[in-house]
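Subject: A structure to look through

Dear colleague,

I am handing over a structure for you to look through, and below it I have set out what was found. Please keep it open beside the text as you read.

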Amino acid sequence: EAINSIGDGLSKAVETSIRDERMKAELITNVSHDIKTPLTSIINYVDLLKRENINNEKANEYLNVLDKKSQRLKQLIEDLVEASKASTGNIEFHKVPLNVNELFNQIIAEYYEKFESKNLKLISNISKEIMSIYADGRRCYRVIDNLFQNIYKYALEGSRVYLNVYKD
């Protein structure tokens with residue numbers, strides 16, 4: 001009886017956990033949608049204002065800040081929805097052949113000035129051999145971009161950053 005009771009308790013705990021995960025995912029999706037609607041309006045109005053011939057330099061500066069911040073907020077909301085989908089296993093992958101060498105070189109180029117501004121010395125060793133993988137390019141890019149963002153945010157100024165990319 002004790003063993004059966006433990007099994008029943010475990011089953012109930014698993015069911016509760018699954019139900020809670022679904023509710024969390026639904027909540028994130030619904031809240032994200034509710035936030036996206038006014039944000040889309042803000043982005044559209046900012047775009048309309050940017051098309052106007054405004055001769056006030058300060059107003060244009062404010063518009064640029066609004067534009068950047070609203071686009072950043074939009075990206076954060078999309079990331080939240082995507083993370084929610086990933087945690088529930090409801091994510092779609094669009095796999096294609098990817099050149100790993102090009103992917104890393106592209107990200108290195110994008111972070112060159114940022115790293116330079118913090119005096120971070122990137123010491124990269126990317127294999128000359130062309131390395132291909134079959135993966136979702138957008139998601140692979142985001143993973144590597146996230147690593148580079150963390151390096152930029154958390155590496156001590158004047159540090160060396162080592163990057164080795166090779167086929168194993």
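Before the aromatic rings are described, one term is needed: rings of Phe, Tyr and Trp (its six-membered ring) count as a pair if their centres lie within 6.5 Å, and a pair is called stacked if the planes are under 30 degrees apart, edge-to-face if over 60, and tilted for the rest. The model is predicted, and for that reason local features need pLDDT of at least 70 and side-chain atom pairs count only at pLDDT 80 or more, while totals for chains, interfaces and linings use all residues. Residues are numbered from 1 along each chain as its sequence is written, and side-chain values use heavy atoms, with hydrogens and water left out.

The aromatic rings

A search of the whole structure finds three aromatic pairs. In one of them, the rings of Tyr111 and Phe148 have centres 5.5 Å apart and planes at 50 degrees, so this pair is tilted. Tyr111 belongs to helix α3 and Phe148 to helix α4 (residues 137-154), and the two are 37 residues apart; helices here are DSSP runs of H or I with at least four residues, strands are runs of E with at least two, and both are numbered from the N terminus. Phe115 and Phe148 form a stacked pair, with 5.8 Å from centre to centre and 15 degrees between the planes. Because Phe115 lies in helix α3 and Phe148 in helix α4, this pair ties together parts that are 33 residues apart in sequence. Tyr111, Phe115 and Phe148 form one aromatic cluster. Tyr111 and Phe148 are buried, and Phe115 is buried as well, where buried means under 20% relative accessible area, exposed means over 50%, and partly exposed is in between (1.4 Å probe, protein chains only).

Two charged side chains also sit over rings, which requires NZ of Lys or CZ of Arg within 6 Å of the ring centre and within 35 degrees of the ring normal. The charged end of Lys114 is over the ring of Tyr152, 5.4 Å from its centre, and Arg139 lies over the face of Phe93, at 5.4 Å from the ring centre.

The nonpolar core

Which residues have the most contacts inside the largest nonpolar core? They are Phe104, Ile126, Ile144, Phe148, Leu163 and Val165, in a core of 16 residues; such a core is a set of buried Ala, Val, Leu, Ile, Met, Phe, Trp, Tyr and Cys residues joined through side-chain atoms within 4.5 Å. Two or more residues each come from α3, α4 and β4 (160-165), and the largest share, seven residues, comes from α3. Phe104 touches Ile126, Ile144, Leu163 and Val165, not counting residues up to four places away in sequence, and contact means heavy atoms within 4.5 Å.

Val100 lies in helix α3 (residues 100-117) and counts as buried because its relative accessibility is 12%. Leaving aside neighbours within four places in sequence, Val100 is in contact with Met131, Ile133 and Val165. Asn119, by contrast, is in the loop between α3 and β2, and is exposed, with a relative accessible area of 53%. The phi of Asn119 is near 55 degrees, a positive value in a residue other than glycine.

With best wishes
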